[in-house]
Amino acid sequence: MRHQPYAAVWEITMGCNMRCKHCGSACRSALPDELTTEEALRLCDDIGELGLKYVTISGGEPLTRSDFHLIAKRLKERGVTPHIITNGWLLTEELLDKVANIGMGTFAISLDGVRETHDYMRMPGSFDRIMAAFDLLKKTNVTTAAITTVNNKNIGELGKIGDILIEKGIHLWQLQIGLPMGNFADFDELLLAPEQMDDIIDFAYNMLDEKRIRLFLADCIGYYNVKEIAVRDRTFNAFNAQWQGCSAGKSNVGILHNGDIVGCASVRDRQYIEGNIRQTPLREIWHGENSFQWSRTMAKSKLSGLCHKCAYGDRCLGGCPNTRLTMSQSIYAENIYCSYHAAMTRTLKKVSAMADPEKLFRLGQDFAEKGNWQLAEMTMARALELDPGNAGILRYYGFVCYMLGNYGDARAANEQVLAAHPDDLYAHKGLGLTLVKLGDPNSGIAHLKKATALSSPAYMNAYHDLALTLIELGRRDEAIQVIAEGSLKSPEFAAASVSLYRLLNETAAQSA
């Protein structure tokens, strides 16, 4: 699959005039290996050639580099819109004059609380300097933005922060969470608890009707919460309103101060550096056969815990990978800072307190009939803990796992049934469908055929599933034979087979 890059975050320097408590990069002085002006401008040319549309210039503090405006100007000349994130301390009218005619996209300043809180998180006097910077930006025609890193000290101040930003005429506001990396790793007391994600989402949802400022949730806040989807719907105007997985290395790229290329600039672990532009051109790094494999090949099956079983796992892919990496030291860990994960964890605690397997089984069936597959899996799994050899529960558990896309669990459940009951029709059918999904169609077809042999005229689902599977596999003649055999066995199946013949004709027309 060829991935087209769309946007980048470029940390042009590690130098910074502040020592923020939540700085994930632990920025201090500029490092000796940062790109020179000449190297940075050449990289701008390469970025344009690669076809990126947006680059966010950050740091460190990007304004500590005297050539930041030259980088922004070169990007714009190459057809790339430059955004910038700054702490605002160094912003002056003279500096704004330098960028006035560049055509900047968004000029964002970080604001982390009311005066006392913000100065505590950053440095004394920084709040007032930011207010002055906001006033300067009012005189320009650039799109203004603010970024707030939410933590335990400022989460209760979001409303007041919003009021400040509205008063200053700021157009956009992004909320993100502080993660235990860099400087913030030393401030455990400021780290939010997983359940507080809902507090942030609730706040954002309550801001939906606010027309004076547009609030965004960063990629680290989500997922599959009804209110969060509503916020993303406004953010993206109904385009991909639901989280579709991390875009690192797929459409987004991170560029570090020294030219190291990563999928996401927030991921600081050196094992995820894909190359350096001093040795390898950016285009070659991006299109490298083995580049960004951790992201480009990410799958639900590789994740652990609830993410491994999640109903949204194939789309979500575990949410923000840096959250998983910093919180659990593995990019393949489950994401405990997920709203859906938190809700399911609360439910799991209630389910785990139940001790009647039959009651759990009935509850699971009820959830399944309503399409609540995640809750059905939890209750069925608990029922099997209490009654592990129950064939009825195992059959239904296999079905639920199949519907969730948890094919490994579905296979194990059906195989356990067949070990005790070799002629179980439902287990053969379930195992057959599962094996096809797992990439073993011949074995799957064999089990489906066994299920049809065990079928009676009163239950012909196995014939339908076998015929449909053969059609999907392009095995047309075999499908026709199965439909004919089923029609001879059951008049009702013959009447219902019209839809299968219609599908056969449609697939034949498509392949013609």
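Q: How much space lies in the largest cavity?
A: In this predicted model, the largest cavity holds about 90 Å³ of space.

Q: What lines the largest cavity?
A: The lining is made up of Y224, L306, C307, C310, Y312, G313, C316, G318, C338, Y340 and H341.

Q: And which elements give two or more residues to that lining?
A: Those are α11 (305-309), α12 (313-316) and α14 (339-352).

Q: How do the lining residues of the largest cavity divide into nonpolar, polar and charged?
A: Eight are nonpolar and three are polar, with no charged residues.

Q: How many cavities of 30 Å³ or more are there?
A: The count is two. The second largest cavity has about 50 Å³ of space.

Q: Which residues line the second largest cavity?
A: C246, K250, W294, S295, M298, L317, G319, P321 and R324 do. At least two of the lining residues come from α10 (293-296), and at least two from α13 (321-328). By class, this lining has five nonpolar, two polar and two charged residues.

Q: Let's look at α17, then. At what angle do α17 and α18 pack?
A: Helix α17 (residues 391-404) packs against helix α18 (residues 407-420) at about 155°, and their axes are 8 Å apart. Because of that angle, α17 is roughly antiparallel to α18; the cut-off for this is over 145 degrees.

Q: Is their crossing left-handed or right-handed?
A: The crossing of α17 and α18 is left-handed.

Q: Which residues of α17 and α18 meet?
A: On the α17 side they are A391, L394, R395, Y397, G398, C401 and Y402. On the α18 side they are Y407, D409, A410, A413, N414, Q416 and V417. The residues of this contact comprise nine nonpolar, three polar and two charged. R395 of α17 takes part in this contact, and R395 is also listed among the residues closest to the centre of the second largest pocket.

Q: What about α19, at what angle does it pack with α21?
A: α19 and helix α21 (residues 461-472) pack at about 15°, with axes 11 Å apart. An angle under 35 degrees counts as roughly parallel, so α19 and α21 are roughly parallel to each other. Their crossing is left-handed.

Q: Which residues make the contact between α19 and α21?
A: K429, L433 and V436 come from α19, while N461, A462, D465 and T469 come from α21. These contact residues comprise three nonpolar, two polar and two charged.

Q: New topic, the backbone. Is the peptide bond from G222 to Y223 cis or trans?
A: The bond is cis, with omega near 5°. Most peptide bonds are trans.

Q: Where is Y223?
A: Y223 sits in the loop between β7 (214-217) and α8 (226-236).

Q: Last one: is phi of A26 positive or negative?
A: Phi of A26 is positive, near 50°, in a residue other than glycine. Most residues other than glycine have a negative phi. A26 lies in the loop between β1 (7-11) and α1 (37-50).

How values were computed:
Residues numbered from 1 in each chain as written. Predicted model: local features only at pLDDT ≥ 70, side-chain atom pairs only at ≥ 80, totals over all residues. Heavy atoms only, no water. Axes fitted to C-alpha atoms, helices over the stretch in contact; angles between N-to-C directions. Helix = DSSP H or I, 4+ residues; strand = E, 2+ residues; numbered from the N terminus. Parallel < 35°, antiparallel > 145°, perpendicular 65-115°, else oblique. Left-handed = near helix turned anticlockwise from the far one by under 90°. Contact = heavy atoms within 4.5 Å. Nonpolar A, V, L, I, M, F, W, Y, C, P; charged D, E, K, R; others polar. 1 Å grid on protein atoms, 1.4 Å probe; cavity = no way out; pocket = protein on both sides within 12 Å on 5 of 7 lines; lining within 4 Å. Points joined across faces, edges and corners; volume = space filled by probe spheres on them.
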